[in-house]
Amino acid sequence: MNHFDPSAPIFLSTAYLPPIQYFTKLLHPHGVVLEGAENFVKQSYRNRCHIAGPEGLQPLTVPVEKSPSPKSPIRDIRISDHGNWRHLHLNALISSYGSAPFFDYYITDLEPFYTHKYTFLWEFNLDLLSLCLEWLDIAPLIMFSSEYTEEPPNDYRYTIRPKQAPEDEHFIPTPYYQTFARKYGFMPRLSIVDLIFHEGPAAILTLQRSIR
């Protein structure tokens with residue numbers, strides 16, 4: 001990431017059930033810019049999230065259709081029906097969090113996302129993001145880019161990522177109860193649903209404590 005300007009908004013990519021680190025950026029007092037003019041980036045949180053299940057860390061990936069162009073605008077990325085992924089993702093969430101304290105309270109809101117077929121990844125992610133914000137009872141300022149900006153301040157579009165993520169001096173992973181922590185230890189960069197299913201209304205407090 002380039003320089004951090006506390007008076008400027010934070011730039012974020014779209015993401016599928018984003019990680020906790022991502023949601024700490026949504027609490028930035030000057031809002032966020034959700035990047036809508038970039039090209040799709042493979043093997044990123046744009047179509048992937050991480051949860052913790054009985055077998056440890058588990059990635060969930062939304063398959064997307066192959067584009068005829070090597071550079072595919074993020075808003076044009078179509079979701080594929082390959083592999084019955086909706087059923088697999090929902091089952092994975094149930095098996096991973098069925099015993100979490102607040103799972104039963106939230107799962108009925110989440111189930112329709114795995115029965116309704118979205119066409120575009122952008123819309124699917126955005127509606128899921130709206131649901132998670134509703135669960136957290138927050139209404140951050142979210143703006144959308146219409147043109148791509150090279151190296152804006154507070155650029156987290158490519159640094160919040162599943163692999164080889166650089167150190168984020170503004171994020172402090174704050175431990176909370178996790179179902180499988182005794183077996184695998186605390187996992188700090190899971191999807192926001194891990195935090196919400198375990199902490200419910202108190203999840204926002206953990207997010208606030210995770211900001212440096």
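## Packing of α2 against α3

Helices α2 (85-97) and α3 (103-110) pack with their axes 12 Å apart, at an angle of about 175 degrees. That angle makes α2 roughly antiparallel to α3, where angles over 145 degrees count as roughly antiparallel, those under 35 as roughly parallel, 65 to 115 as roughly perpendicular and the rest as oblique. Axes are lines fitted to C-alpha atoms, for helices over the stretch in contact, and the angles run from 0 to 180 degrees between N-to-C directions. Helices (H or I, at least four residues) and strands (E, at least two) are DSSP runs, numbered from the N terminus. On the α2 side L90, L93, I94 and Y97 meet F103, I107 and L110 of α3, contact meaning heavy atoms within 4.5 Å.

This is a predicted model, in which local features need pLDDT of at least 70 and side-chain atom pairs count only at pLDDT 80 or more, while totals for chains, interfaces and linings use all residues. Residues are numbered from 1 along each chain as its sequence is written, and side-chain values use heavy atoms, with hydrogens and water left out.

## Packing of α3 against α4

The axes of α3 and α4 come within 11 Å and cross at roughly 150 degrees; the two helices are therefore roughly antiparallel to each other. The contact involves Y106, D109 and L110 of α3 together with L128, L131 and W135 of α4. The crossing of α3 and α4 is right-handed. A crossing is right-handed if the near helix is turned clockwise from the far one by less than a right angle, and left-handed if anticlockwise.

Helix α6 (residues 192-199) is mostly covered, with 8 of its 8 residues buried. Buried means under 20% relative accessible area, exposed over 50%, and partly exposed in between (1.4 Å probe, protein chains only). The buried residues of α6 are I192, V193, D194, L195, I196, F197, H198 and E199. They pack against α1 (20-25), β3 (48-53), α2, α3, α4 (121-136) and α7 (203-209). Just after α6, G200 takes a positive phi of about 60 degrees.

C132, W135 and L136 in α4 meet I192, V193 and I196 in α6.

## Cysteines

A search of the whole structure finds 0 disulfides, a disulfide being a pair of cysteine sulfur atoms within 2.5 Å. For C132, the closest cysteine sulfur is in C49, at 9.8 Å, which is too far for a bond.

## Surroundings of S145

S145 is found in the loop between β5 (142-144) and α5 (181-184). At 11% relative accessibility, S145 counts as buried. The side chain of S145 makes a polar contact of 2.6 Å with the side chain of E35. A polar contact is a pair of N or O atoms within 3.5 Å; within protein, one must be able to donate a hydrogen and the other to accept it, and residues adjacent in sequence count only if both atoms are side-chain atoms.

A polar atom of the S145 side chain also lies 2.9 Å from the backbone nitrogen of G36. Leaving aside neighbours within four places in sequence, S145 is in contact with V33, L34, E35, G36, A37 and R75.

## Other loop residues

Most residues other than glycine have a negative phi. Q43, although not a glycine, has a positive phi of about 50 degrees. Q43 is placed in the loop between β2 (32-34) and β3 and is exposed, with a relative accessible area of 57%. For E151, also a residue other than glycine, phi is positive and near 50 degrees. E151 is found in the loop between β5 and α5 and is exposed, with a relative accessible area of 64%.

P188 has its place in the loop between α5 and α6 and is partly exposed, with a relative accessible area of 31%. Leaving aside neighbours within four places in sequence, P188 is in contact with I20, F171 and P173. P188 and H30 are 158 residues apart in sequence and 25 Å apart in space, C-alpha to C-alpha.
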